[in-house]
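Here is a short briefing on one protein chain. Look at the sequence and the structure first, then read the points in order.

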Amino acid sequence: MRRIHPDIEDDPDLVAAYAQPPGEWLRINMVASADGGAWLKGLSGGLSSEGDRRIFGILRGLSDVILAGAATVRTEGYGPARPRESWRALRAGRPPAPPVAVVTRRLDLDLGSPLFTETEPYARTIVITTESAPADRRAEAAKNADVIVAGEYRVDLTLAVGELRDRGLATILCEGGPRLNAQLAAAGLVDELCLTLSPLLIGGDAARILNGTASQTRLGLAQVLQEEGFLFCRYVREVSDELAD
C-alpha cells in the first residue's frame with residue numbers, strides 16, 4: 001500500500017494513518033464502485049479488496065462501538081466483533097472488542113442470531129429502537145442485548161448517539177447502510193468519511209453511499225492511499241467559518 005496524499009510514503013503505518021482525535025468522533029466507513037454504487041449483487045463485499053479489509057479491521061479496532069442499520073445487519077449477516085491479536089495495543093484500557101449497535105425502527109431482526117446469542121459480556125449487542133416498536137419484541141431483545149429507546153416512531157439519531165456516548169462509547173464507527181449514513185449526515189453527526197473506491201463500473205440500481213434526505217456536509221480530503229487500483233480516501237469534516245470564529 002502507498003500513501004499518495006498529503007505526502008508520498010510506501011507501506012505507511014495504517015494505525016497511525018487512521019488515528020482519530022481524542023474525544024467524541026463519528027466516522028463512516030464505506031466502499032463504492034467507481035460510478036458510485038454501494039454494493040454489487042446486493043453485498044458490499046463484491047467491491048472490496050484485501051487492502052480494504054485490512055483498513056476495515058483497523059477502523060473496528062480503533063472504535064468504541066460499531067453502528068449499523070438493520071438492513072445492513074440482515075443483508076451482510078452480521079455477528080459480534082471478535083477480538084484480534086492485532087487489536088491488543090489499539091484497545092489498551094478498553095474491552096478486547098467493540099460492541100455492535102443496531103438501529104432498527106421496528107425491531108425486525110433475528111434475535112436468535114449469533115449477533116445476539118454469541119456476544120461476550122463486555123461487548124453485548126446494543127439495539128437502538130423506538131417507542132412504537134412492539135413491546136414483546138423489545139422484551140425479547142432485552143434478553144440478550146442492551147435496548148436503547150430513542151424516538152417515538154423514528155429513531156432520533158442525535159438522541160441515540162448521545163445515549164451511546166453516555167455509556168462511554170465516544171468513538172463511533174458507522175458501517176452503513178446508505179439510509180443510515182444519510183440520516184446521520186442530515187443530523188450533522190458525521191465527523192469523517194473513510195471511503196474505498198473500487199476500480200469497477202457496475203451500473204444497475206445500487207444506491208450511493210448516502211441514500212435519503214438531502215444534506216450538505218463540507219469535507220476536506222485528509223489522506224489518500226492506493227493499492228492495486230483501489231483508492232482509500234479519508235475525508236474529515238471542515239469547521240465552518242462561523243463556528244471557527
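Predicted model: local features only at pLDDT ≥ 70, side-chain atom pairs only at ≥ 80, totals over all residues.

Residues are numbered from 1 along each chain as its sequence is written, and side-chain values use heavy atoms, with hydrogens and water left out.

**The nonpolar cores**

- The largest nonpolar core has 33 residues. Such a core is a set of buried Ala, Val, Leu, Ile, Met, Phe, Trp, Tyr and Cys residues joined through side-chain atoms within 4.5 Å. Buried means under 20% relative accessible area, exposed means over 50%, and partly exposed lies in between (1.4 Å probe, protein chains only).
- Tyr18, Ile55 and Leu109 have the most contacts inside this core.
- Several elements each supply at least two residues of this core, among them α1 (14–17), β4 (65–69) and β11 (230–237). Helices (H or I, at least four residues) and strands (E, at least two) are DSSP runs, numbered from the N terminus.
- Helix α2 gives the largest share, four residues.
- Apart from this core lies another, of 29 residues, including Ile28 and Leu157.
- In soluble globular proteins, nonpolar side chains tend to be buried together.

**Arg60**

- Arg60 is found in helix α2. Is Arg60 buried or exposed? Arg60 counts as buried, because its relative accessibility is 10%.
- The side chains of Arg60 and Glu175 are joined by a polar contact of 2.8 Å. A polar contact is a pair of N or O atoms within 3.5 Å; within protein, one must be able to donate a hydrogen and the other to accept it, and residues adjacent in sequence count only if both atoms are side-chain atoms.

**Trp39**

- Trp39 sits in the loop between β3 (25–33) and α2 (50–62). Trp39 is partly exposed, with a relative accessible area of 29%.
- Leaving out residues up to four places away in sequence, Trp39 touches Ser44, Leu47, Pro178, Ile202, Asp205, Ala206 and Ala207. Contact means heavy atoms within 4.5 Å.

**Helix α6**

- The buried residues of α6 (residues 157–166) are Leu157, Ala160, Val161, Leu164 and Arg165. Seen down the helix axis, they fall within an arc of 135 degrees, so they line one face of α6. The arc is that of the directions from the helix axis to the C-beta atoms.
- At the start of α6, a side-chain oxygen of Asp156 comes to within 3.1 Å of the backbone nitrogen of Thr158.
- Gly168 follows α6, and its phi is positive, near 85 degrees.
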